[in-house]
Amino acid sequence: MRKIFAFVLVIYLSACASVNSEFFNINNGDTKASVIARMGIPDDRQFQDKNEAFQYCTTGTSFGKSTFNVIWFYDGLVTGASSYTVAHAASCMGHFKQINWDEAPDLIMEIRNK
């Protein structure tokens, strides 16, 4: 009986995936190349003009939920990061949100008088 319980516990715990911890090491101003080096190739990529968004998915993060991490770029540099979850997403495919470019992090433009 103990062996069965231990087996079920191991299967249960292994089903709980964790979010890529490198996501928390992404900083404002990082390049796309450095993000790919840390996080790998994105599971979804969308762009509009100089705006771009990479999405990464981790399934099974909490009882049938999937976590999606979005990294926002402008002109090849990170401008922000966000996350969302989808309940009952057995796989990532077909669950990526269409990027709403109105939600893109604001850009601060510096104007200097010479």
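Biologist: What makes β3 mostly covered?

Modeller: Eight of the 10 residues of β3 are buried, and buried means under 20% relative accessible area, with exposed being over 50% and partly exposed in between (1.4 Å probe, protein chains only). The model is predicted, so local features need pLDDT of at least 70 and side-chain atom pairs count only at pLDDT 80 or more, while totals for chains, interfaces and linings use all residues. Residues are numbered from 1 along each chain as its sequence is written, and side-chain values use heavy atoms, with hydrogens and water left out.

Biologist: How do you know that strand β3 and strand β4 pair, and in which direction do they run?

Modeller: Two strands pair if DSSP finds at least two bridges between them. Here 10 bridges join β3 (residues 65-74) to β4 (residues 77-87), so they count as paired, and they run antiparallel. Threonine 67, for one, has threonine 85 in β4 as its bridge partner. The two strands form a hairpin with two residues between them, and aspartate 75 in the turn has a positive phi of about 55°.

Biologist: What makes something a strand or a helix here?

Modeller: Both are DSSP runs, numbered from the N terminus: helices are H or I with at least four residues, strands are E with at least two.

Biologist: Why is a set of residues called a nonpolar core?

Modeller: The term means a set of buried Ala, Val, Leu, Ile, Met, Phe, Trp, Tyr and Cys residues joined through side-chain atoms within 4.5 Å. The largest such core has 12 residues, including Phe68, Val70, Trp72, Tyr84 and Phe96. β2 (51-62), β3 and β4 each supply at least two of its residues, and β3 gives the most, with three. A second, separate core has nine residues, among them Val35, Met39, Phe54 and Ile71.

Biologist: Which residues does threonine 31 touch?

Modeller: Not counting residues up to four places away in sequence, threonine 31 touches Phe73, Gly76 and Leu77, where contact means heavy atoms within 4.5 Å.
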